[in-house]
Amino acid sequence: MADSEQCPRCGKELVVHGSFSTRGVRFGFRPEELRLFSLSLQFPEVPVSAAAAACASCGLVWAQLDAAALRQKLHDLGNEDVRRRLGLPDCE
């Protein structure tokens, strides 16, 4: 991923790629840059609200999640590269 990728809404260069996942009735965003092995009882997904928007011209789809919850998840479970790139303190 390019380090200079900007958010289309706020313009900041703190974009994290991932995928949407469903665990039973839970819908969430799972960041790609998680550590492979982590002893944690928490789920890797960050809950996403059911509301979403899409562009009928280009196909971009967006939703919203709690940014603080995403940062905490990446702090706890993120790999060293994503923690450094986002300025999150080391958790080791």
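This is a predicted model: local features need pLDDT of at least 70, side-chain atom pairs count only at pLDDT 80 or more; totals for chains, interfaces and linings use all residues.

Q: What is the mean pLDDT, and what share of residues reach 70 or more?
A: The mean pLDDT of the protein is 83. A share of 87% of the residues reach 70 or more.

Q: Where is confidence lowest, and where is it highest?
A: The lowest element is strand β1, residues 18–23, with a mean of 82. The highest is α1, at 92.

Q: OK, fold next. How many helices and strands are there?
A: Two helices and four strands.

Q: And in what order do the elements run from the N terminus?
A: The order is β-β-β-β-α-α.

Q: How are the strands arranged in the sheet?
A: They form an open sheet, ordered β1-β2-β3-β4. The pairing is antiparallel.

Q: Which strands stand at the edges?
A: β1 and β4, the latter spanning 61–65. Each has a single partner strand, so one side of each has no neighbour in the sheet.

Q: What does the twist average?
A: It averages 50° from one strand to the next.

Q: Zoom in on β2 and β3. How many bridges join them?
A: Two bridges join β2, residues 26–31, to β3. The two strands run antiparallel.

Q: What stands opposite F29?
A: V46, in β3.

Q: Switching to the core. Which residues are in the largest nonpolar one?
A: It has eleven residues. They are V16, F29, L34, V46, V48, L70, L74, L77, V82, L86 and L88. In general, nonpolar side chains in soluble globular proteins tend to be buried together.

Q: Which element gives the largest share of that core?
A: α1, with three residues. β3 (46–54) and α1 (67–77) each supply at least two.

Q: Pick L74. What does L74 touch beyond four places in sequence?
A: L74 touches V16, P31, L34, V82, R83, L86 and L88.

Q: What share of the whole protein is buried?
A: Buried residues make up 23% of the 92 residues.

Q: Last one. Of contacts between residues at least 6 apart, what share join residues at least 24 apart?
A: That share is 33%.

How values were computed
Residues are numbered from 1 along each chain as its sequence is written. Side-chain values use heavy atoms; hydrogens and water are left out. Buried means under 20% relative accessible area, exposed over 50%, partly exposed in between (1.4 Å probe, protein chains only). Contact means heavy atoms within 4.5 Å. A nonpolar core is a set of buried Ala, Val, Leu, Ile, Met, Phe, Trp, Tyr and Cys residues joined through side-chain atoms within 4.5 Å. pLDDT is the predictor's confidence in each residue, from 0 to 100. Two strands pair if DSSP finds at least two bridges between them. Axes are lines fitted to C-alpha atoms, for helices over the stretch in contact, and angles run from 0 to 180 degrees between N-to-C directions.
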